[in-house]
Amino acid sequence: FGQALNSPFASTAARRHPRMASAVAPDAPPLPRLVSAPQAAEDALVVLSAGEQEGCTETLELAVAFERRADAGALAESYARMLVLFPPCAGRYAKRTVEVEGLPAPEARRCILCNNAGAGYYYVKLDGKMPPMVGALPDAFFDRAVGVRPMTDGSLGGPLLRTRVMDFDDGQLVTFSFTRGLADIGGMGLFLQVWSRLCRGEDPGPPPTHGRTILEAALRGEPGYRVETGYALLHRRGEPPPEPRAPARPGPPTMTLACFVLSAEELRVTGEELSQSCRKKRLIYDSESLTDAELAFSLVSSSIFGSDQVPASLSLDLRSTFMVDRHFGSARDVVDIDLPQDRVQAAGVLHRHPTPALQRDFWNWKRIQPVEGPSARLELSSWLEALGTLDELSFGGGLVTGVTTGGAYWQQYVDSHGRGTDCPAYTVLLPHPSGALQVQALLPRAVADRIGNERPCQVWHPA
């Protein structure tokens with residue numbers, strides 16, 4: 001699966017992360033091997049939904065660390081079996097003119113051609129200790145799923161999923177890079193949980209579903225469907241009207257990624273105190289308590305802005321709403337909320353955040369119309385439910401010692417949202433060992449520095 005690489009890496013990514021200097025990683029790893037399913041059906045076409053078209057070639061990088069090293073050959077064998085259950089992972093992007101139910105005419109769409117061309121898989125043994133799992137990992141630890149667009153000559157692009165397995169002296173690190181059009185974090189969480197069950201010799205559960213347009217009619221607001229959100233409307237905020245401004249001065253980005261851990265004890269103590277404060281103010285019922293995600297999000301929101309209301313967007317997973325829990329694809333949307341500056345009030349609003357519910361509305365009286373508002377200044381996304389407990393991610397290599405993202409994921413966000421003060425703050429929550437959770441928050445630099453002065457914090461500055 002690869003030869004040992006013993007030379008220290010000195011890439012640009014590594015220089016940005018001096019804390020990684022003790023690890024040994026390759027500068028320019030060879031292209032990963034391609035693993036295909038041992039048996040595959042005839043080529044099938046998975047049509048991406050309208051919402052999956054935009055940004056489908058952008059990537060998401062995820063890393064999982066284990067205390068012991070699983071056999072790389074066994075991992076490769078189970079990885080190939082996974083592609084039988086998840087054929088889009090071994091497919092390639094293609095552009096086709098297709099008919100979509102509910103649309104008046106055929107239209108050109110990007111699709112996944114499930115042709116079993118293979119998913120990337122690369123194994124390497126490295127000297128030294130594993131990198132810390134708090135904070136974003138440098139690009140050198142990932143085989144990024146780039147170059148996936150079809151060529152002008154008609155040939156197909158590269159794999160939509162690339163996996164790298166790295167053995168260190170003190171454990172094993174498995175990293176993934178996949179395109180947004182392949183799946184969201186909920187879909188990839190399902191992929192990891194099924195792969196873990198296969199590695200442990202357990203029943204992988206019911207097969208996943210791959211129909212991408214299954215949610216499209218509902219999210220378009222077709223008659224007969226609505227998303228009940230209770231306290232707010234499910235929509236995307238409109239862009240603010242352009243204001244005349246002076247040309248931006250060239251300079252470094254003003255956003256910084258701050259990563260820190262909230263321990264199980266801190267979550268318990270703070271949760272009890274904040275929940276009691278919310279009960280006294282009648283923000284939650286006496287029988288209710290705040291969740292860990294609500295605690296973390298309220299901490300971040302109260303640290304950022306000095307205004308009375310913070311326009312925020314909260315990411316929601318719609319799989320349970322539409323009863324497609326095994327859906328492998330993208331099934332997330334956002335709900336807009338205004339968060340008070342006060343942490344107790346913000347926690348109360350987050351606790352009452354809308355939970356989408358599918359309802360039949362044959363007369364279409366309650367159809368939700370798109371509503372435009374100010375642009376969100378804070379985006380919140382919890383990956384805790386998507387990834388499940390760390391025990392569910394064990395490949396047989398012992399306990400999971402950490403989960404984190406890649407720096408390229410955050411760099412893409414900054415590049416696509418603006419490198420200056422126009423870039424919204426963005427917070428992601430990840431599971432962490434011993435009942436803790438990791439907060440990764442892209443914040444204004446001054447706020448990140450303040451948090452770093454208050455608690456142990458890993459900081460990364462986008463390029």
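In which strand is S381 found? S381 sits in strand β14, residues 378-382. Strands here are DSSP E runs of at least two residues, helices are H or I runs of at least four, and both are numbered from the N terminus.

Before going further, a note on the model. It is predicted, so local features need pLDDT of at least 70 and side-chain atom pairs pLDDT 80 or more, while totals for chains, interfaces and linings use all residues. Residues are numbered from 1 along each chain as its sequence is written, and side-chain values use heavy atoms, with hydrogens and water left out.

Back to S381. Its relative accessibility is 5%, so S381 counts as buried. Buried means under 20% relative accessible area, exposed means over 50%, and partly exposed lies in between (1.4 Å probe, protein chains only). Leaving aside residues up to four places away in sequence, S381 touches F297, S315, R332, Y426, T427, V428 and L429. A contact means heavy atoms within 4.5 Å. S381 and L314 are 67 residues apart in sequence, yet their C-alpha atoms are 6.2 Å apart.

Now widen the view to the sheet that holds β14. Seven strands form an open sheet in the order β12-β11-β14-β16-β17-β10-β18, with mixed pairing. Its edge strands are β12 (332-340) and β18 (458-460), and each pairs on one side only. Two strands pair if DSSP finds at least two bridges between them. Neighbouring strands of this sheet are turned by 20 degrees against each other on average, direction ignored.

One pairing shows the detail. β10 (residues 255-262) and β17 (residues 437-444) run antiparallel, joined by eight bridges. Here L257 stands opposite L442 of β17. Helix α7 (residues 292-304) packs on the sheet and touches β10, β11 (309-317), β12, β14, β16 (425-431) and β17. The direction of α7 makes about 20 degrees with that of β17. Such angles run from 0 to 180 degrees between N-to-C directions; axes are lines fitted to C-alpha atoms, for helices over the stretch in contact.

Next comes an open sheet of six strands. The order is β1-β6-β7-β8-β3-β15, and the pairing is mixed. β1 and β15 (400-405) are the edge strands, each pairing on one side only. The twist averages 20 degrees from one strand to the next. Within this sheet, β6 and β7 pair in the parallel sense over six bridges. Y121 has T163 in β7 as its bridge partner.

Buried residues of α3 include L75, Y79, M82 and L83. Their cover includes β1 (33-35), β6 (119-125), β7 (161-168), β8 (171-179) and α4 (185-199). D71 caps the N-terminal end of α3, with a side-chain oxygen 3.2 Å from the backbone nitrogen of G73.

Finally, the whole protein. It has eleven helices and 18 strands. Of its 463 residues, 54% count as buried. Among contacts between residues at least 6 apart in sequence, 81% join residues at least 24 apart.

Terms used:
A polar contact is a pair of N or O atoms within 3.5 Å; within protein, one must be able to donate a hydrogen and the other to accept it, and residues adjacent in sequence count only if both atoms are side-chain atoms.
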